Amino acid sequence: MTCLLRIPKSTHFNCVYYIETNRQREDNILKDLLWDTWQNYYRVYGAPRLRLALVNLNLYHGINRIRRLMREAGIYSVISRRFSKPITTVDYSIRHLQEANA
């Protein structure tokens, strides 16, 4: 069969006898946890807060791993910037002219 398809035997055996590693299994579980947490908190949480949410579940993982898993799962935070008051400036030269005309 592999001769007809012109693929190496190693490729065939890698596909047939593929075993998922522990880290890959753990990553898939973490992706699901991150997705659920992200959904529950209105899609606002980023990597630092998701990491703290995992710490509350006694799961300690690095921030880079969480960022990588977020990227793979399509999770992103919706950043809302804080409102900053516009700065009011007074142009005294114009004010002086207005007082003179009045």
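Angles between axes under 35 degrees count as roughly parallel, over 145 as roughly antiparallel, 65 to 115 as roughly perpendicular, and the rest as oblique. This is a predicted model, where local features need pLDDT of at least 70 and side-chain atom pairs count only at pLDDT 80 or more, while totals for chains, interfaces and linings use all residues. Residues are numbered from 1 along each chain as its sequence is written, and side-chain values use heavy atoms, with hydrogens and water left out.

**View 1. Here α3 crosses α4.** The two axes (lines fitted to C-alpha atoms, for helices over the stretch in contact, with angles from 0 to 180 degrees between N-to-C directions) come within 10 Å and cross at roughly 110°. That makes α3 and α4 roughly perpendicular to each other. Helices here are DSSP runs of H or I with at least four residues, numbered from the N terminus. On the α3 side you'll find L30, L33, L34, T37 and W38, which meet L50, A53 and L54 of α4; contact means heavy atoms within 4.5 Å. Sorted by class, that makes seven nonpolar residues, one polar and no charged ones (Ala, Val, Leu, Ile, Met, Phe, Trp, Tyr, Cys and Pro count as nonpolar, Asp, Glu, Lys and Arg as charged, and the others, Gly among them, as polar).

**View 2. Zoom in on the largest nonpolar core.** A core here is a set of buried Ala, Val, Leu, Ile, Met, Phe, Trp, Tyr and Cys residues joined through side-chain atoms within 4.5 Å. Buried means under 20% relative accessible area, exposed over 50%, and partly exposed in between (1.4 Å probe, protein chains only). This one has 11 residues, including L30, Y45, I66 and M70.

**View 3. R65 pairs with E26 in a salt bridge.** The term covers a side-chain nitrogen of Lys or Arg within 4 Å of a carboxyl oxygen of Asp or Glu, and N to O is 3.0 Å for this pair. R65 sits in helix α5 and E26 in helix α3, 39 residues apart. R65 is buried at 13% relative accessibility, whereas E26 is partly exposed at 36%.

**View 4. E72 bridges to both K31 and R68.** The K31 link is 2.9 Å, N to O, and it ties helix α3 to helix α5 across 41 residues. For R68, the closest N and O atoms are 3.3 Å apart. Shared partners join E26, D27, K31, R65, R68 and E72 into one network.

Notes
Helices (H or I, at least four residues) and strands (E, at least two) are DSSP runs, numbered from the N terminus.
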